[in-house]
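Subject: Structure handover

Hi,

Here is the structure for you to look over.

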Amino acid sequence: MKTFRIAIVGAGVWGDTHAAIYKEHPMVDPVAICDKNEARAKALAEKYGLGKVYTDVDDMLADGDFEAVSIVTPDFLHADIAVKCANAGKHLLVEKPLATTREDVFRIYEAVQKNGVRCMVDLHNRWSPPFAEAHRLIEEGALGTLRNAYFRLNDIKWVATDMLPWAASSSILWFLGSHSFDTLQWLFHDRVKRVYTVSNRGVLDSLGVETEDTFLSTLEFEHGGIAQMENGWITPNANPCVNDIKCNLTGDKAMIAIDASNHNLIQFYSDDTVTVPDIIVRNRIHGRVKGFAYESIRSFVDKLATGEPFEVSLEDAARTSLAILAIMESAKTRMPVEIDYGPLA
């Protein structure tokens, strides 16, 4: 059984997640961690027994004793790292989104193609059990032709105000909208040709995080399907779940309704709080990491080993980033925008 040596760039919350999964995986030897914050990198290395600590990607690549890299930095910092790693002949797992500018999307895409490496973007909602089951039913024809959809994927305020110190430099569209868009294009098995979006702001501005609160987007697919996509991060912090996830899918034969926020499998009540423990997205069973947000990372390694295509193609991930850019443009102009996929059309 081939073992892949993997380095991780980014020692934050999700870098810890990658390290935990790689430490468990029988085909992975996590060998290095790179982060500008050396103390944080050293702490993660000690926690998971990672062999080497770096504060500079160039130094890490100069040593180069690994086959693949996980890029787990803030979304707007993916491109330069990804291109350097691809040019060094390393396979890539990039946290979503692939990139946040059109130029960077194609820089990464071209570097991957030129160097013959493999790249997957961690758009992990494809591993969510209710959405995977919906996809199966659609593929089997149970819904007939999928005609319209509504997908709400929101976060509580805490994500923007406390969890992400870089939220003001990003957008809920990059953080959650990329998952929403990718899921919808996957379910419709079609390409979105036009978007129309409105947005508002003010709540997070008042809390010191200068970014839009909410986006409502209409997506028009090439073969006639339409979808409404809602993304915001001003859900009250007392919401029992960090994520607020609802989805309805309507075909000409049947409909699917998904409520992935309130699974009603387990609740915790005290005199002060009501919480819904996360047993679906990220949890541990007998000390081992479980949940669909972990399965996508495991799948990256599995597909590297077998040579099978990744569940999320690089082309799909690139189209998602290009579509999010079009959605942002539409929100600014309050006009419909045709998505320019360039050579990926």
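Below are notes on a helix pair, a pocket and an aromatic pair.

Keep in mind that this is a predicted model.

Helix packing. Helix α4 covers residues 78–87, and helix α5 covers residues 102–115. Their axes lie 9 Å apart and meet at an angle of about 10°. Angles under 35 degrees count as roughly parallel, so α4 is roughly parallel to α5. On the α4 side, the contact uses A79, D80, A82, V83, A86 and N87. On the α5 side, D104, R107, I108, A111, V112, K114 and N115 take part. By class, that contact has 7 nonpolar, 2 polar and 4 charged residues.

Pocket. The second largest pocket has a volume of about 230 Å³. Its lining is made up of R126, H135, E139, Q185, W186, H189, D190, R191, D316 and R319. Three helices, α6 (129–140), α8 (172–188) and α11 (314–333), each give at least two residues to that lining. By class, the lining splits into 6 charged, 3 polar and 1 nonpolar.

Aromatic pairs. The structure has 7 of them. One is F131 with F151: the ring centres are 5.2 Å apart and the planes stand at 40°, so this pair is tilted. F131 sits in helix α6, while F151 belongs to strand β7 (residues 146–155). The pair therefore ties together parts that are 20 residues apart in sequence.

Best wishes

Note on methods: Residues numbered from 1 in each chain as written. Predicted model: local features only at pLDDT ≥ 70, side-chain atom pairs only at ≥ 80, totals over all residues. Heavy atoms only, no water. Axes fitted to C-alpha atoms, helices over the stretch in contact; angles between N-to-C directions. Helix = DSSP H or I, 4+ residues; strand = E, 2+ residues; numbered from the N terminus. Parallel < 35°, antiparallel > 145°, perpendicular 65-115°, else oblique. Contact = heavy atoms within 4.5 Å. Nonpolar A, V, L, I, M, F, W, Y, C, P; charged D, E, K, R; others polar. 1 Å grid on protein atoms, 1.4 Å probe; cavity = no way out; pocket = protein on both sides within 12 Å on 5 of 7 lines; lining within 4 Å. Points joined across faces, edges and corners; volume = space filled by probe spheres on them. Phe/Tyr/Trp six-rings, centres within 6.5 Å; stacked < 30°, edge-to-face > 60°.
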